[in-house]
Amino acid sequence: MQVPFLSFAPQHQPIREEVISAMSRVYDGQWYVLGQAVADFETAYAAFNNTKHCVGVANGLDALHLALRALNIGEGDEVIVPSNTYIASWLSVSFVGAVPVPVEPSPVTYNLDPAKIEAAITSRTRAIMPVHLYGQACEMSAIMDIARRHNLAVVEDNAQSQGAMADGKLVGSFGDANATSFYPGKNLGALGDAGGITTNSEELDHKLRTLRNYGSQKKYYNEVIGYNSRLDEMQAAVLSVKLKYLTEWTQQRQRAAELYNQHLAGIGDVVLPAIAEGSTHVYHLYVVRTNERDALQKHLSDAGIGTLIHYPVPPHLQQAYAHLDMKPGQFPIAEELAKTSLSLPMWPGMGEQEVSLVAKAIRNYFA
């Protein structure tokens, strides 16, 4: 039996008719851009995330970019980012002309380490971008305390962690403007690219709605230089259906993670995910670490088990950021994570049979 890295079937098959019906309503309604489906999803997702507003945009990177733009962060400013995040977090900072300033993660949780943030703050620092990596909430109370003391904005990158909580509060509801992705593989995924921004600010909500639509609130009247980054009506209709099942799917991911923890305990040098006190994990990814990562990945592939590496090259060593002149060894925790991390199969509906097959293959490798 093969175990793919990701299977959509357990999610999509039971709701197939419901999704197709929602898409048909958009098709028959003949209003395809910024219509009722988008408005309905924005209302529903804001309610789910315990925020006043959600602004639907074209993708997660646009969500980060427009959030920074709406906060007037630009040329010469600095934004603190994790050294081990996906490059989209850094790209959004570059898009507004600001400079990403990397800070190392906790080697235990892999999330931005609050204890290291203040040393990176300068007179040009304007914002902190905590990334809730792999599905685990960052230690947001400590991060928000630092931001308040230094008068910094907070833009949460919540692309992987819809529904996770920090100290009893949902991620995506702490910061000034918080970005999420609805890319198909995310915990709440569309059938193509899609993204959103959550905020409790009326002013930011207005600015974001203007920026996403050519800088316009009224057709053919443009207040600012804006963008074409609008959540698609069809994707919004799909997301509204799927949102109703997100809590159930999250519980299924957490159950699969519990099974992994049981089956993988004590095998070789495998390090299992650890959760920070006060945080919850929604397991967008189930990431283990081992010094034998590459050989183990090949062994699993030979056994018909899919895995991925999140992420093989940290942003500071990507060619895209060569101009920042950051050297190998400058961010050793990010580099160590890049060398040792392996993402195992994980999806809603994954059962004990699949988990045990993966665990058995890992056990056989280390035996």
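Is tyrosine 214 buried, partly exposed or exposed, and what is its relative accessible area? Tyrosine 214 is partly exposed, with a relative accessible area of 43%. In this report, buried means under 20% relative accessible area, exposed means over 50%, and partly exposed lies in between (1.4 Å probe, protein chains only).

## Basis of the report

The structure is a predicted model, in which local features need pLDDT of at least 70 and side-chain atom pairs count only at pLDDT 80 or more, while totals for chains, interfaces and linings use all residues. Residues are numbered from 1 along each chain as its sequence is written, and side-chain values use heavy atoms, with hydrogens and water left out.

Helices (H or I, at least four residues) and strands (E, at least two) are DSSP runs, numbered from the N terminus.

## Helix H3

Helix H3 covers residues 36-48 and has 13 residues. From its first C-alpha to its last, H3 reaches 18 Å, close to the 18 Å expected at 1.5 Å a residue; the expected span is 1.5 Å times one less than the number of residues. The buried residues in H3 are Ala37, Val38, Phe41, Glu42, Tyr45 and Ala46. They lie on the same side of H3 because they cover an arc of only 155 degrees around the axis, where the arc is that of the directions from the helix axis to the C-beta atoms. An α-helix has 3.6 residues a turn, so residues three or four places apart point the same way.

Gln36, Thr43 and Ala47 are exposed on the other side of H3. The buried residues of H3 pack against helix H2 (16-29), S1, S8, S9, H7 and helix H8 (233-243), contact being defined as heavy atoms within 4.5 Å. Asparagine 50 follows H3 and has a positive phi, near 55 degrees.

## Strand S9 and its partners

Strand S9 (residues 195-199) is one of the elements against which H3 packs. Five of the five residues of S9 are buried. Gly195, Ile197 and Thr199 are buried on one side, and Gly196 and Thr198 are buried on the other, which leaves both faces covered. In a regular strand the side chains alternate between the two faces of the sheet.

Two strands pair if DSSP finds at least two bridges between them. Strand S1 (residues 53-57) pairs with S9 in the antiparallel sense over five bridges, and histidine 53 stands opposite threonine 199. Strand S8 (residues 178-181) also runs antiparallel to S9, to which four bridges join it; here asparagine 178 stands opposite threonine 198.

## The parallel sheet

An open sheet is formed by four strands in the order S3-S2-S4-S5, with parallel pairing. Its edge strands are strand S3 (99-103) and strand S5 (153-154), each of which pairs on one side only. Strand S4 (residues 125-128) pairs with S5 in the parallel sense over two bridges. Alanine 127 has alanine 153 in S5 as its bridge partner.

## Backbone features in the loops

Tyrosine 214 is found in the loop between helix H7 (202-212) and strand S10 (216-218). Its phi is near 60 degrees, a positive value in a residue other than glycine.

The loop between helix H10 (293-302) and helix H11 (332-340) holds tyrosine 311. A cis peptide bond, with omega about 10 degrees, joins histidine 310 and tyrosine 311. Aspartate 325 also lies in the loop between H10 and H11. Aspartate 325 is not a glycine, yet has a positive phi of about 55 degrees. It is partly exposed, with a relative accessible area of 48%.
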